[in-house]
Amino acid sequence: MRGRDGKERVYVAYGKDSAAMARLVLEAAKLEERIPKGGLVALKPNLVVSKPASSGATTHPEIARAAATYLREKGFSRLVIMEGSWVGDSTGKAFKASGFEALAKELGLPLVDLQEDSYSLRPDGRGGRIAICDAALEADFILNLPVIKGHCQTLVTCALKNMKGCIPDDEKSRFHELGLHEPIARLNAALKSGFTLADGICGDLDFEEGGNPVPMGIVAGSWDPVLLDSYVCRLLGHRIEDVPYIGLAESYGIGSSNLRAAEVVELGDKEEAAAAPPPSGKVRVLAARVDEKAACSACYAALIHGLARVQEGGGLGALDRRLAALGGKIRIGRGFRRDPGNGATPGIGFGACARGAGLWVEGCPPDGGAAADFLESLIEE
């Protein structure tokens, strides 16, 4: 959905206070202007498993708290939190482990376990029907609160795929039998989210269930779930065409994947969130190729995702040999600002702060796609 001025936008807030970042996005998007007065607003987090947000698997409750507080301030009192965890886990356990049970109690909000809900069949616009939980259908506006993270089957998961929590378990199993991409696109034609506020605090590198979180320090939002997922693809180092459900959703009229025609509205302070030490074994292995000095988390995460894409393609060994020939590790961070600009210093730099290196990737921050493209070009030389 386009903005009032006809412009497609992705709002991206940087920082270390997830609640403040979420509020910046909601204020910039003027969320309240498109919600029906007196309507029932459903907050739909990603609580796919019974794990805390620090694992990289689930939505930070602070983001949901910020959203609920913002909506109440704007006069919306009919709020619920709803979710259905994946088959094999319990939504009730996930509510507790993720901190959403405590949040709901604190704010006096109902928790709706969609695994326990009834469902109805709805047309998907392509000649089929999809079972959708009745509580989701009853909502006047769905505020989608996914996590920006990798996925072992679809490569990425964010706005479009998070709606899968609104279908019963049997339908989730059927989606997997059908290959996920086509049914995910059709689900979003049958059940539309209102706005997506995505948690990019520390999403997992590769897996929906967490375990390898990468601190990114962002919260992103858009009225267009296709556009937001396209942005996320580049952020995590993938090509949009590598995630088929995005193109399918676009072809069904759900949104646009044209990032070049869109505006990315940057909010907050990029330098406020410094890169955290690699929290998991897999991320530490990748980070061994990085010389980091006071890097911003968004920039650091983009480089890690780019390295992961090279690893997936089997090119890590060739990259290591190339890095050794070029002087060692990839420099990143504000600590390299003192180096002369315009490629005067030998070596490799990533991001605007390391522009002094002989080879460097421009951007503040570059995205994971830029990182992957650059690293792959080094191997090919």
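Me: Where is H151?
Reply: This is a predicted model. In it, H151 sits in strand β8, residues 149–151.

Me: Is H151 buried or exposed?
Reply: Buried. Its relative accessible area is 4%, and the cut-off for buried is under 20%.

Me: What does the H151 side chain reach?
Reply: The backbone nitrogen of T154, at 3.0 Å.

Me: And which residues is H151 in contact with, leaving aside neighbours within four places?
Reply: V156, T157, K161, L180, D206, F207 and E208.

Me: L155 next. What is its phi?
Reply: Phi of L155 is near 75 degrees. That is a positive value in a residue other than glycine. L155 lies in strand β9, residues 155–157.

Me: Is L155 buried or partly exposed?
Reply: Partly exposed, at 27% relative accessibility.

Me: New topic. How many aromatic pairs does a search of the whole structure find?
Reply: Two. In one of them, the ring centres of F141 and W223 are 6.4 Å apart. Their planes are at 80 degrees, so that pair is edge-to-face.

Me: Which parts does that F141 and W223 pair tie together?
Reply: F141 is in strand β7, residues 141–145. W223 is in the loop between β11 (218–222) and α9 (225–235). The pair therefore ties together parts 82 residues apart in sequence.

Me: What about the rings of F195 and W223?
Reply: Their centres are 4.8 Å apart and their planes at 70 degrees. An angle over 60 counts as edge-to-face, so this pair is edge-to-face.

Me: Which residues do the ring pairs link into a cluster?
Reply: F141, F195 and W223.

Me: What charged end sits over the ring of W223?
Reply: That of R34. It is 4.1 Å from the ring centre.

Me: On to the core. Which residues touch the most other members of the largest nonpolar core?
Reply: I148, I304, F350 and L375. That core has 79 residues. Helix α12, residues 297–312, supplies the largest share, with ten residues.

Me: What does I148 touch?
Reply: Setting aside residues up to four places away in sequence, its contacts include T157, C158, A198, M216, I218, V232 and L236. D199, G200 and G203 are also among them.

Me: Which residues does the second core include?
Reply: A67, Y70, L145 and L197 are among its members. It is a separate core of 40 residues.

Me: Where is Y14, and is it buried or exposed?
Reply: Y14 is in strand β1, residues 9–14. It is buried, with a relative accessible area of 6%.

Me: Which side chain does Y14 join in a polar contact?
Reply: That of E266, at 3.0 Å. Leaving aside neighbours within four places, Y14 is also in contact with residues including M21, G217, D269, A298 and P365.

Me: How far is Y14 from E272?
Reply: They are 258 residues apart in sequence. In space they are 7.6 Å apart, C-alpha to C-alpha.

Me: You mentioned P365. What is the peptide bond from C364 to it?
Reply: Cis, with omega near -5 degrees. P365 is in the loop between β16 (357–361) and α14 (368–380).

Me: Zoom out. How many helices and strands?
Reply: 14 helices and 16 strands. The radius of gyration is 21 Å, close to the 21 Å from the globule rule for 381 residues. So the protein is as compact as a globular protein of that length.

Me: What share of the residues is buried?
Reply: 56% of the 381.

Me: And how many contacts join residues at least 24 apart?
Reply: 70% of the contacts between residues at least 6 apart in sequence.

Conventions: Residues numbered from 1 in each chain as written. Heavy atoms only, no water. Phe/Tyr/Trp six-rings, centres within 6.5 Å; stacked < 30°, edge-to-face > 60°. Helix = DSSP H or I, 4+ residues; strand = E, 2+ residues; numbered from the N terminus. Lys NZ or Arg CZ within 6 Å of the ring centre and 35° of its normal. Core = buried A, V, L, I, M, F, W, Y, C linked by side-chain atoms within 4.5 Å. Buried < 20%, exposed > 50% of the residue type's maximum accessible area, 1.4 Å probe, protein only. Contact = heavy atoms within 4.5 Å. Polar contact = N/O pair within 3.5 Å; in protein donor to acceptor, adjacent residues only side chain to side chain. Rg over C-alpha atoms; globule rule 2.2 N^0.38 Å.
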